[in-house]
Amino acid sequence: MTVTPTMKLPGGKDAKPENTRAAGGRESNLILGKARTDRPSREETEAAIRTLLLWAGDDPDREGLIDTPARVARAYEEFFAGYDADPVEMLNRTFEEVEGYDEMIVLKDIRLESHCEHHMVPIIGKAHIAYLPKNRVVGISKLARVVDAYAKRFQVQEKMTAQIANSIEDVLQPRGVAVVIEAQHQCMTTRGVHKTGVTMVTSRMLGAFRHDPLTRREFLTIIGNPASSVGA
């Protein structure tokens with residue numbers, strides 16, 4: 001099986017685009033949201049968490065909380081690992097020897113764990129991804145990793161949906177891409193209006209999935225046709 005890097009720079013190195021504008025002037029999401037290089041130190045981070053514990057009304061020096069700042073800092077490293085992930089690199093190795101396969105490829109029910117950028121509370125749900133390959137395909141685990149790369153950041157669901165779809169389109173250049181995300185937001189289930197059991201559904205349809213109703217319908221049927229029946 002032939003493995004083909006999607007983009008190459010002179011000297012054989014994988015390309016890391018510097019231009020944040022894709023064709024047509026749309027802002028590319030491939031290099032946005034990277035980890036800052038001026039992050040606070042671990043000591044500063046743990047001190048900030050101690051301040052939050054004090055503000056909440058508790059004593060960060062009592063036995064049950066003494067190690068909480070360090071635990072929370074470690075948890076945040078896991079929750080927000082997406083800032084250190086590169087979706088381009090994940091998608092950049094593709095396969096051409098697929099015997100001319102050009103039908104829909106769907107990966108559904110990808111568990112998604114993110115955090116609301118407005119209230120810093122969890123967004124829990126699942127993503128469904130489809131694309132129509134043109135000349136190459138990518139390993140299916142890479143699609144799940146791209147979901148994680150964007151989910152493990154502070155997010156709003158609408159933006160995350162677009163980022164995942166745009167990245168797949170920009171790197172693989174398929175005939176179409178579709179992404180649907182179904183998720184529950186704890187910013188409205190555990191605070192505010194306290195409405196449980198509410199699922200938000202967002203979609204991003206590109207290429208054939210936007211312009212061909214039959215293609216879009218096939219995808220929605222495969223993933224179970226989410227309740228909102230999102231279209232183009």
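T189 sits in helix 6 (residues 186-189). Helices here are DSSP runs of H or I with at least four residues, strands are E runs of at least two, and both are numbered from the N terminus. This is a predicted model, where local features need pLDDT of at least 70, side-chain atom pairs count only at pLDDT 80 or more, and totals for chains, interfaces and linings use all residues. Residues are numbered from 1 along each chain as its sequence is written, and side-chain values use heavy atoms, without hydrogens or water.

T189 counts as buried because its relative accessibility is 15%. Buried means under 20% relative accessible area, exposed over 50%, and partly exposed in between (1.4 Å probe, protein chains only). Beyond neighbours within four places in sequence, T189 contacts H194, K195 and T196. Contact means heavy atoms within 4.5 Å.

Now K134. This residue lies in the loop between strand 4 (122-132) and strand 5 (137-138). At 49% relative accessibility, K134 is partly exposed. Outside four places in sequence, K134 contacts Q173, P174 and R175. Its C-alpha atom is 8.4 Å from that of L172, 38 residues apart along the chain.

L172 falls within the range of helix 5 (residues 157-172), whose axis comes within 10 Å of that of helix 4 (residues 140-151). Axes are lines fitted to C-alpha atoms, for helices over the stretch in contact, with angles from 0 to 180 degrees between N-to-C directions. L143, V146, V147, Y150 and A151 of helix 4 meet M160, Q163, I164, S167 and I168 of helix 5.
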